[in-house]
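These are my notebook entries on one chain. I recorded what I looked up, topic by topic.

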Amino acid sequence: MGLILDNYITLVCVIITLLPSVCYSQDYYVSSRATYYGSPECYGTPTGACGYKDYGSTINGGEVSGVAKLFRNGTGCGACYQVRCKYSPHCSDEGTKVVVTDHGEGDNTDFILSARAYNKLARPGQAEILFSYGVVDVEYKRISCQYPGYNLMFKVHEHSRFPQYLALIAIYQAGFSEITAVELWQEDCQEWRGMRRAYGAVWDMPNPPEGAINLRFQVSGSKWIQLKSLIPSEWKAGATYNTAIQLD
């Protein structure tokens, strides 16, 4: 999976405000380079290395990106960045705000933007020129992800097979925080069992606990958040479950 250039019952209803931790806001820009990839209707790709499927195509209005070193073995999936190009006659002041949905490398670039995102780099009437360049010098910084009207959700990944194999992926993950671990409660053993980061943002477990599933996840390496009976006993691949939590 990924881009190579040459081409989400009983819920715990809480609002959680997370204090700054390992993932803090970035107040400075970093110099880099960016290019773009083609896709139907200029949206993102549903085959990205983060495992988001169709969500990864249309989230943030399709302004998404594959990244190189910022992918960080999948930990960087879902992070948001402001990217702006550095050619003053052609580039807009704000640039584009993208969500990381894929891994991609090419021609010393950190970002491989969807065409919609790449288009936002340009001033009105200047996009054709930027597209003709193919690769542009940019500067970027980490920003908070914003999903007004949406709580954090866990989706049962399409590759799951009830009841033998469960894979989960977090979507609408707002703020700066990163999910660094996911565990499920095993009632008969009275212990938490860790899920494996299968790839990208996908966490999986063979032979998951029976019945309604209690889940907890770790945020940015320190804070654990527990969700009681988030996943129902007869879960289905593709189903999405609302945590009633908003990450800041």
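The entries below cover the basis of the model, the overall counts, the cavity and the sheets.

**Basis.** I worked on a predicted model, in which local features need pLDDT of at least 70 and side-chain atom pairs count only at pLDDT 80 or more, while totals for chains, interfaces and linings use all residues. Residues are numbered from 1 along each chain as its sequence is written, and side-chain values use heavy atoms, with hydrogens and water left out.

**Overall counts.** I found three helices and 16 strands in the chain; helices (H or I, at least four residues) and strands (E, at least two) are DSSP runs, numbered from the N terminus. Of the 248 residues, 54% count as buried, a term for under 20% relative accessible area with a 1.4 Å probe, protein chains only. I noted an accessible surface of about 11,600 Å², with 49% of it belonging to carbon and sulfur atoms; the areas come from the Shrake-Rupley method with a 1.4 Å probe.

**Largest cavity.** I looked up the largest cavity and noted about 110 Å³ of space in it. A cavity is a set of points on a 1 Å grid over the protein atoms alone where a 1.4 Å probe fits but cannot get out, and lining residues have an atom within 4 Å of a point. The volume is the space filled by probe spheres set on the points, which are joined across faces, edges and corners. The lining includes Tyr52, Cys77, Glu178, Ile179, Arg197 and Trp203. By class, the lining residues are six nonpolar, three polar and two charged. Here Ala, Val, Leu, Ile, Met, Phe, Trp, Tyr, Cys and Pro count as nonpolar, Asp, Glu, Lys and Arg as charged, and the others, Gly among them, as polar.

I traced an open, antiparallel sheet of four strands in the order 11-10-14-15; strands pair if DSSP finds at least two bridges between them. Strand 11 (191–194) and strand 15 (223–231) each have a single partner strand, so one side of each is left without a neighbour in the sheet. Neighbouring strands of this sheet are turned by 30° against each other on average, direction ignored; axes are lines fitted to C-alpha atoms, and angles run from 0 to 180 degrees between N-to-C directions.

I then asked how many residues of strand 10 are buried. Seven of its eight residues are, so strand 10 is largely enclosed by the rest of the structure. Strand 10 (residues 179–186) pairs with strand 11 in the antiparallel sense over four bridges. Leucine 184 stands opposite arginine 193, and glutamine 186 has glutamate 191 as its bridge partner. In the hairpin of these two strands, with four residues between them, glutamine 190 takes a positive phi near 55°. Five antiparallel bridges join strand 10 to strand 14 (residues 213–219), where phenylalanine 217 stands opposite valine 182.

**Strand 3.** Both faces of strand 3 (residues 64–67) are covered, as Val64 and Gly66 on one side and Ser65 and Val67 on the other are all buried. Strand 5 (residues 96–105) runs parallel to strand 3 over four bridges, and aspartate 102 is the bridge partner of glycine 66. Strand 6 (residues 111–114) pairs with strand 3 in the antiparallel sense over three bridges, with leucine 113 opposite serine 65.

I recorded an open sheet of five strands in the order 12-13-9-8-16, with antiparallel pairing. Its neighbouring strands are turned by 35° against each other on average, direction ignored.

Methods:
Buried < 20%, exposed > 50% of the residue type's maximum accessible area, 1.4 Å probe, protein only. 1 Å grid on protein atoms, 1.4 Å probe; cavity = no way out; pocket = protein on both sides within 12 Å on 5 of 7 lines; lining within 4 Å.
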